[in-house]
Structures are given as structure tokens and as C-alpha cells.
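Load up the model and follow along.

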Amino acid sequence: MPMEKDPQQGGTNKDGSKNAKYCSYCMVNGEFKGDFKSSKEMVRFVKDKLKEQGVGCMKRWFYTSHISQLERWKK
């Protein structure tokens with residue numbers, strides 16, 4: 001999610017500072033939110049949030065196209 005679309009302008013780290021990698025829907029107090037078992041589940045969630053915010057189809061695809069490459073999903 002682009003941070004400018006995030007109502008909180010980013011998630012938060014354990015120390016309360018802003019997290020530049022993850023939005024407030026994904027990261028709170030340094031912990032990932034949601035019970036996502038896969039990047040596909042997260043993509044669906046983010047696309048739905050972006051749609052709620054009025055983001056068009058092509059932008060939703062673009063903004064979620066790299067979720068599977070985030071550190072969260074690397075093993």
C-alpha cells in the first residue's frame with residue numbers, strides 16, 4: 001500500500017516510531033497484523049482495502065504486485 005493512501009501514514013515499530021516498509025494495516029508495534037498464511041491472502045486483503053479507498057483496478061494490481069517479494073514472505 002502506498003503510504004500516502006494509508007490513513008496512519010505507515011505502520012509502527014516496537015518503539016512507536018513509524019515503519020517505512022509496512023502500512024498501518026500490516027504492522028503495529030513491530031508485529032504483523034492479520035492471520036495471513038500466504039502472500040496471496042495478503043494481496044486479497046490489500047486489494048480490498050485499496051478498493052474501499054477508491055483506488056482503480058490497475059493501481060490495485062500495481063500496488064500489490066510485489067507483496068510476495070516482501071521480507072515477510074521470504075524463507
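What follows covers the ring pairs and then a helix residue.

This is a predicted model, so to keep in mind: local features need pLDDT of at least 70, side-chain atom pairs count only at pLDDT 80 or more, and totals for chains, interfaces and linings use all residues. Residues are numbered from 1 along each chain as its sequence is written, and side-chain values use heavy atoms, with hydrogens and water left out.

A search of the whole structure turns up four aromatic pairs (Phe, Tyr or Trp rings, six-membered ring for Trp, with centres within 6.5 Å; planes under 30 degrees apart are stacked, over 60 edge-to-face, the rest tilted). Two of them are in the table.

| Pair | Centre distance | Plane angle | Class |
|---|---|---|---|
| Y22 and F32 | 5.0 Å | 90° | edge-to-face |
| Y25 and F45 | 6.4 Å | 70° | edge-to-face |

Y22 sits in the loop between β2 (18-19) and β3 (27-28), while F32 is in strand β4 (residues 31-32), 10 residues away. Helices (H or I, at least four residues) and strands (E, at least two) are DSSP runs, numbered from the N terminus. Y22 is buried at 7% relative accessible area, whereas F32 is partly exposed at 34% (buried is under 20%, exposed over 50%, partly exposed in between; 1.4 Å probe, protein chains only).

Y25 is in the loop between β2 and β3 and F45 in helix α1 (residues 39-52), so this pair ties together parts 20 residues apart in sequence. F45 is partly exposed at 27%, and Y25, F36 and F45 form one aromatic cluster.

Now for T64, in helix α2 (residues 57-64). T64 is buried, at 6% relative accessibility. Beyond its neighbours within four places in sequence, T64 is in contact with V43, V46, K47 and L50 (heavy atoms within 4.5 Å).
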